[in-house]
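Student: Hi! I'm new to this one, could you walk me through it?
Tutor: Happy to, here it is.

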Amino acid sequence: MVSQQDDMVSQQEDFGANPNLLAAPIKSPVDKFQLLPAFLKVRGLVKQHIDSFNYFVNYGMKKIMEANALHKVTDTIYLRYINISVGEPYVAIDNIKLTPQFCRLSDRTYSADISVDIEYTDGKGQHPTRKTSVKIGRLPIMLRSCNCVLNGKDETELAKLGECPLDPGGYFVVKGTEKVILIQEQLSKNRILIDIDGKGRITASVTCSTHEVKSKTVFFMDKEKIYLQLNQFVKPIPIMVVMKAMGTESDQEVVQMVGRNPRYGDLLLPSIQECSSERIYSQEQALDYMDAKFNFFKSCSIQLFITSFSTLKEGRAKSILTDVFLAHVPVKEQNFRPKCIYAAVMLRRMLDAILNSDTFDDKDYVGNKRLELSGQLVSLLFEDLFKTMNTQAVQRMNYAMGQSNRSGALDFSRYIVTDIITLGLEKSISTGNWDLKRFRMHKKGVSQVLSRLSYIGALGHMTRISPQFEKTRKVSGPRALQPSQWGMLCPCDTPEGEACGLTKNLALMTHVTTDEEEGPLISLCYSLGVEDLAHLSAEEIYANDSYLVFFNGLILGKHTRPHTFANAMRRVRRSGKIGEFVGFRTFDDFLHDGLIEYLDVNEQNNALIALYEHEAGEIDRSEITHIEIEPLTLLGVVAGLIPYPHHNQSPRNTYQCAMGKQAMGNIAFNQLSRADTLLYLLVYAQRPLLTTKTIELVGYDKLGAGQNATVAVMSYSGYDIEDAIVMNKSSLDRGFGRCIAMKKQTVVRENYGGKVSDIIVAPQRDKDGALIRKNMQILGADGIAEPGQIVRNNDMLVNKKSPLNVDKDLKTRTYKDTPAFFKGVEGETTVIDRVLIYTDNNEKMPIKFIIRHVRRPELGDKFSSRHGQKGVCGTIVNQEDFPFSERGICPDLIMNPHGFPSRMTIGKMIELLGGKAGVSWGRFHYGSAFGEPSGNACKVDDISNALIQKGFSYSGKDFLYSGILGTPLQAYIFMGPIYYQKLKHMVLDKMHARAKGPRVMLTRQPTEGRSRDGGLRLGEMERDCLIAYGASMLIFERLMLSSDPYQVQVCQKCGLLGYYNQKLKKSFCSMCKDGENMATMKLPYACKLLFQELQSMNVVPRLKLTEA
Amino acid sequence: MEDTVSYQRLPKVRIREMRDDFMKFELRETDASMANALRRVMIAEVPTVAIDLVEISVNSSVLNDEFIAHRLGLIPLTSDNAMEMRFSRDCDSCDGDGQCEYCSVEFHLSAKCESDQTLDVTSADLHSVDHRVVPVDVQKAFDSDGYDPNQRGILIVKLRRGQELKLRAIARKGIGKDHAKWSPAATVTFMYEPQIHINEELMETLTFEEKESLVDSSPTKVFSIDPDTQQVVVMDAEAYTYDEEVIKKAESMGKPGLVEIYAKEDSFIFTVESTGAIKAPQLVINAIKVLQQKLDAVRLQDDNNFNELDAHLGGS
């Protein structure tokens, strides 16, 4: 089907109105849904990450090694890399195979050795020495990648390794935390983009990127004349000068290259005139002109990359033209012709844009964007570190050669420092900072801790795309929904607020490609009749029936029959001879047979895609080139949970996408053996009664995050206004919304080296055998709290002692008590779930306590349906007071009907209907996005009929009696099951109040924030109110007495602060050197502090007191 | 209260259907307040016995202690003598440790899986020291005297090889108001008895097809057509769910008043389903007893309180 395509584009210019036809129309594509599970089975949900990483390990690494293979110290002494490979993850010390779960629990990095085969000389012997499997560092391994132990394992094997079979992999485990490298969005490289810049000028820009150089070439038109702008030149260079500098001296040839259309000539005339008015006619003159415009300061750094930097003066302009200007177009043997042609094409497209404004490019068009994945990002890091390592190795070798007293032969492999790569990779992935000076890249937040709040949250995290722009920009363009993101990016799943529309998510079936080998494809193109431009004159390029063929942003040549060529390419692709992602593509058997193909955004423009075969309608059937597998795949994983999303107001779906990630439920099959810092689990999680196909495909039906609650849409008691929910107490008693919060607390038994470490001792008892401290009662005989014990605030977890000295002699060594206590909510009973003891890399012994707390819903806990309708629990009512129907049905919760009119969440109403029909028939109904025509969503009519058959009203409304009065309610009540999620925001974690408590040292004012038991601030706006009201005593009380009152001694003579001499019982002014005229007053401590700080800056605040 | 008009009514009960776990009866010649009071008491105030305190000594199962304790609490226990038992808070012959015969019943559970097959720990493994208080399904199996291998009881937890569960539980008397586990009622509901009048004159003006569509318009089977006379007759008035579909249908056919349905304000049809803790008929009787006790409590209250109430209501 459709795909995001990464690298290869074969682009036909002037593609006519006749889209290519698929061979024969498929007889019955009715069951095409069957393809979807097959597709996801083959591909997995996060294949893009895994593919990308695999590509890096198998090919990318080798390419980097080959590019940096030879390192010479002198002509005779060198180091050459021959091969590079990555092994299996294992622990270095005991050679135990590492498993991801082991790493997660013991705070290790899941990584494997990178080993190389090398060849080096020591300068003495003629024969180079060879060494194989030299370890140069450790590479963090992506879970489920080809080097991971989980690769290819089935469910039972995974269970044995402690892994959840539904976990998609695609992330790293670094120092025990799971890290995802987010997909980075970037502007397409090596592509001509015609745009209008900030000054309203038409520009043609190309961001060139090759292995060596990254540069940006811009042509712009100012006052009808076209200029080249490059960072290396101080001023824009007239375009004709550039063309001449590249050897196209004749103006006519330039015009020919751009095109013979006289209108092009007219537009080029001012540029040509300007050039001649500058009296530049030859290549020499042009180069001299450009040399003069050379920018010294800016290009200093660039010079590093200029390989053919020759003579100082003339060389400069020329070398810039070769290496920076349109850097991706190679210059072989001083042949500038390809560059000239490329520049001409840029000019032509600019002029086209002037003549016809439709031909402007859109920067936000998805086809003009590329996604950078974890493999590429790790590859950048690795390349940088590999180079650093080699430079250092060479330096050390140099140094070692300088040492006269060296013994034995020089061994190059000894100078390779393995820590550089290991630590560098580990540091970058664990902090998320990609700081690569070599590539001038300083990105923050590239990797993030995988959100394990819910299964769907983790999946959603893996499909997230981080934006190319910074979030602060107030632009609407890049945030808007692009028509071209259909099927590629989820239209619903984006955060609210500053990152809205910038952070995106992949759609369900999006595939992101890795690089494809170029060589064979180029020769294939040539053999399919592409004529190389080198053999053609400028005139021939735009002959009537010739079309340019682009390959990865390079002009390959021209072809006279573009349709034949495109069809031929497609045929080759469909027959599976070339990679499916060459422009467009297919999978597994179907893929091989060419029945299904991936379309990239750019190719979609040349295809006519129907949703269903039968819906062709006005369009001629024969014109349809493709059929979508399923329209529901245009949404992402997170939006796929919403039933009937196409009946909802669109922002509601976006809100649900944000909330689905906060819902509690089952996280993974191994959730009880995990040791996360914070884990919320639902006690009785259910699968939704109204499901979607996506839910089944991603496994949400196995790891649900919510419960099917019978909801009555009615008003009750007034405690349900503003989206509050009234809950049935009996439902809560029976386990509705009950959750488990697991928190981790780690205590480290420090190791001070030299066999000196903390000790953990059994709880001390007095002579009667009673514990010396009351809070020791949960300790076991080993001095560590035991699992299963009920733990309260300030209970001791570890009875630990730290050494005061490091005496070798155990007898003289003294210890002090350094016990660890449990910090929890006062009055709540929590239980120690598990205790994990292990040794980490530094020989320390951390002890992890997993502390469990079972909570039932209380007033103020947050709940939400799957339609962006969140609400807090407003009141809890006994079951006998709840309305009931004559069948005896009593709702679990009551929702106020005011939630519907303004939100327009029709999907929720249909969910209720479908759910009601579902329970009464004992089956699951479907509500997949846009699924009605294909049968993936039940129609309301059918649901209503199903309800009627079970004796319900077709409208889903029931006749209810008041539970308080026993009389019938005035209206029929819309009642039925809706899937409700319990969100992580719970009152228990948030409620906070304080009377007196801790204060800040510096200002002596109350602390801030719940975690520090802080006070509630009376801010300046509140203060303004009190001032306006005139409540001066209240202000006085709030701002001083309840905050930081302080008594000072003021000298009435000099107005400065004195002090109180406790011995003499007398206040004293240190300025006037006497104790006369002293007065006592109260002021806020912060005020006194301010005076003193001002004094320290030589500003003297004086207090002038009057009698009060 | 000078007027001594008697509001006394003598409600009549007619039992329609009576099984151990189900009962259907008519309550006539009273009003909604009476019917609702009975319903509310059945749900929330008829005492039963349920596990309230669990001491877990070994638990290596996948479910945590609180989880298992919660599940144990929800197992219905036979509570026929719950009315005579004491609430443990009122019991003065014990200190609430479960050793007291008046207020609590002790249970023991010990299970360990030693085979490769998953072991289901069910209510059948819960051993009571008092044979009168046992899980309802155990009692049922005992009564029917037959061992049904498919009916292993209420599942508490599943164990795999090596896992063990050992605990002591204490069941206490309580009421549904405190926690739903003490509620003996699975479903208690009532409906007003519908009175359906068919305007035969108007009905005669309908064609057979129209009659058929009228009959079909009701989602429940309330009406039918007499095959002999081709007349619309009321088949089952109680199947009517007050949905007014038939009335709307009649209106849309341009024949308003074709069918008129009223709720009889003074007759109710009760449906009672029991969890098994107390047999459904006993549940109703117990509920009436509790209701009586509550009324007694009101009657025996200090008169001063009533004066206060009178003053509150405007004084008379």
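The chat below goes through one chain, its contact with its partner and a few single residues.

Tutor: A quick word on conventions: residues are numbered from 1 along each chain as its sequence is written, and chains are lettered from A and ligands numbered from 1 in the order in which they are written. This is a predicted model, where local features need pLDDT of at least 70, side-chain atom pairs count only at pLDDT 80 or more, and totals for chains, interfaces and linings use all residues, while side-chain values use heavy atoms, with hydrogens and water left out.

Student: Thanks! How many helices and strands does chain B have?
Tutor: Chain B has eight helices and 12 strands. These are DSSP runs numbered from the N terminus (helices are H or I, at least four residues; strands are E, at least two).

Student: And what percentage of chain B's residues count as buried?
Tutor: Of its 316 residues, 44% do. Buried means under 20% relative accessible area, exposed over 50%, and partly exposed in between (1.4 Å probe, protein chains only).

Student: Which residues of helix H2 in chain B are buried?
Tutor: In that helix, residues 65-73, they are B:Phe67, B:Ile68, B:His70, B:Leu72 and B:Gly73. Their cover includes helix H22 (729-733) of chain A, together with strands S3 (48-59), S7 (155-159) and S8 (164-174) of chain B.

Student: Chain A comes in there. How many residues of chain B are in contact with chain A?
Tutor: 32 residues of chain B are in contact with 40 residues of chain A, where contact means heavy atoms within 4.5 Å.

Student: How much area do the two chains bury between them?
Tutor: About 2,900 Å², with 51% of it on carbon and sulfur atoms. Buried area is the accessible area (1.4 Å probe) that two parts lose on being put together, summed over both.

Student: How many salt bridges are there between chain B and chain A?
Tutor: The count is two. A salt bridge is a side-chain nitrogen of Lys or Arg within 4 Å of a carboxyl oxygen of Asp or Glu. A:Asp881 forms one with B:Arg40, and the closest N and O atoms are 2.4 Å apart.

Student: Which element gives the largest share of chain B's side that touches chain A?
Tutor: That is H1(B), with seven residues.

Student: New topic: where does B:Gly176 lie?
Tutor: B:Gly176 sits in the loop between S8 and S9 of chain B. B:Gly176 counts as buried because its relative accessibility is 8%. Not counting residues up to four places away in sequence, B:Gly176 touches B:Ile43, B:Ala44, B:Trp182 and B:Ser183. The C-alpha atoms of B:Gly176 and B:Val41 are separated by 9.1 Å, though these residues are 135 apart along the chain.

Student: Over to chain A, then. Is A:Lys848 buried or exposed?
Tutor: A:Lys848 counts as buried, because its relative accessibility is 1%. You'll find A:Lys848 in strand S37 (residues 845-855) of chain A.

Student: What lies 2.8 Å from a polar atom of its side chain?
Tutor: For A:Lys848, that is the backbone oxygen of A:Leu105. A:Lys848 also touches other residues, among them A:Asp107, A:Gln745 and A:Tyr838, not counting residues up to four places away in sequence.

Student: One last thing: where is A:Leu1041?
Tutor: A:Leu1041 lies in helix H27 (residues 1032-1041) of chain A. A:Leu1041 counts as partly exposed because its relative accessibility is 39%.

Note on methods
A polar contact is a pair of N or O atoms within 3.5 Å; within protein, one must be able to donate a hydrogen and the other to accept it, and residues adjacent in sequence count only if both atoms are side-chain atoms.
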